[in-house]
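Hi,

Here is the structure I said I would pass on.

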Amino acid sequence: MTSCNLLELSESGGCGCKIPPNMLGRILKTTSQNNDAIDPNLLLGFETSDDCAVYNFGDKHLLFSTDFFSSTVNSPYLFGKIAAANALSDIYATGGKPLIVNSILAFPPEDIPMPYVEDMIKGAQEVLTQCNAKNVGGHTIKNAQPLYGFAVIGEAQQHQIKRNNTPQVGDLVIITKPIGIGVLSNALKMNLLNEDALPEHTIEYITRVNKIGYELGKLSGVHSMTDITGFGLIGHLSEMVENSNFDVSIDTSDIPLIDGVKELCIKATKNPSGTFNNISRYAKYLQYKNDISEELKLLLHDPQTNGGLLITVDQQTYESQLAALSDSYPDHFHVIGQVNQGSGKIILK
């Protein structure tokens with residue numbers, strides 16, 4: 001065998017293969033109830049669905065996260081790049097930088113030629129080298145569905161660590177990438193798009209590493225930060241305001257979309273799917289000030305794989321310090337709303 005189709009071997013790709021949010025909540029609750037290990041140096045676990053565990057080592061804090069999934073593209077090289085960038089994202093979303101990784105690799109040897117596996121590794125290694133993260137080992141198994149990802153250890157000083165649920169009133173809500181990656185992946189899998197014809201800027205979005213999170217972690221005016229993954233933009237906004245005295249008002253006309261996904265999303269989004277699971281789970285947080293299109297409702301809940309960062313930042317920091325960062329990180333700051341006093345709602349207008 002000299003070739004294969006990774007998308008045909010992937011039941012559901014990327015962060016779209018996450019289990020439904022309600023089921024995950026039960027798993028986390030059961031894990032918590034049966035986890036009686038107490039360590040005062042464990043500063044952050046999975047209690048708030050944050051991006052990393054944080055462990056106190058004194059001057060530096062250790063960050064730990066794990067991410068792996070099936071492919072969202074047919075190119076093994078791009079799959080490797082996306083898998084590595086997505087795994088490193090949780091470290092950057094916490095304000096840290098990655099140090100070492102262990103790979104998690106599973107594939108059916110009878111269906112995937114070895115050159116494909118080597119190209120996956122080459123793509124991932126390119127990203128790891130870019131981020132000065134050293135691959136120190138891992139675990140590889142046979143599996144009917146190809147899976148790739150990494151367990152990552154990083155570090156951050158205490159003042160750099162950002163949480164996903166600590167916005168302040170008056171903060172601007174910003175995302176660093178257009179949304180629609182899940183629709184794009186579905187369209188590729190359904191042969192609605194030709195992967196070889198994807199524009200270069202679209203390839204850049206889906207493989208871009210969220211390295212800017214390390215720089216944002218240094219800014220005291222950045223009050224909260226997370227990455228947008230399988231629960232979609234609305235799901236991660238809900239984590240920000242759940243059980244809080246905050247609302248976030250989102251101007252849907254300001255949300256950037258990947259070119260072409262709005263026209264594809266109805267045809268490329270099946271029910272049941274991760275998108276519809278998200279719609280059901282997070283409906284209780286939403287208030288609509290205006291009618292929005294069915295396409296936009298789907299995209300707001302679209303599972304993102306290696307999606308951008310979601311941050312809140314005060315106006316002064318945005319105008320002074322993020323403007324300077326824009327020179328080194330163009331097309332990274334899209335203001336989509338604001339944090340207000342409230343009762344834990346996402347207000348869409």
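Below is what I found, going from the overall picture to single residues.

First, the ground rules: this is a predicted model, with local features needing pLDDT of at least 70 and side-chain atom pairs counting only at pLDDT 80 or more, while totals for chains, interfaces and linings use all residues. Residues are numbered from 1 along each chain as its sequence is written, and side-chain values use heavy atoms, with hydrogens and water left out.

Overall picture. The protein has twelve helices and 13 strands (DSSP runs numbered from the N terminus: H or I of at least four residues for helices, E of at least two for strands). Its C-alpha atoms fill a box of roughly 60 × 50 × 45 Å along the principal axes. Of the 349 residues, 53% count as buried (under 20% relative accessible area; exposed is over 50% and partly exposed in between, with a 1.4 Å probe and protein chains only). Among contacts with a separation of 6 or more, 87% are between residues 24 or more positions apart (contact means heavy atoms within 4.5 Å).

Cores. The largest nonpolar core has 77 residues, and Leu88, Phe150, Leu233, Leu237, Ile250 and Ile346 touch the most other members (a core is a set of buried Ala, Val, Leu, Ile, Met, Phe, Trp, Tyr and Cys residues joined through side-chain atoms within 4.5 Å). Helix 3 (residues 76-93) gives the largest share of this core, ten residues. A second, separate core of 15 residues includes Ile174, Met225, Leu322 and Phe333.

Helices. Helix 5 (residues 181-189) is largely enclosed by the rest of the structure, because seven of its nine residues are buried. These are Ile181, Gly182, Val183, Leu184, Ser185, Ala187 and Leu188, and their cover includes helix 1 (6-9), helix 6 (200-207), helix 9 (261-268) and helix 11 (294-300). Just after helix 5, asparagine 191 takes a positive phi of about 60°.

Rings. There are six aromatic pairs (ring centres of Phe, Tyr or Trp, the last by its six-membered ring, within 6.5 Å; planes under 30 degrees apart are stacked, over 60 edge-to-face, the rest tilted). Tyrosine 55 and phenylalanine 57 form a tilted pair, 5.3 Å centre to centre with 55° between the planes. Tyrosine 55 is partly exposed at 24% relative accessibility, and phenylalanine 57 is exposed at 56%. Tyrosine 282 and tyrosine 285 are also tilted, with centres 6.4 Å apart and planes at 35°; both tyrosine 282 and tyrosine 285 are buried. Ring pairs also link Phe69, Phe79, Tyr148 and Phe150 into a cluster.

Aspartate 67 lies in strand 3 (residues 60-69) and is buried, with a relative accessible area of 16%. Apart from neighbours within four places in sequence, aspartate 67 is in contact with Asn86, Ala87, Asp90, Gly149 and Phe150.

Cheers
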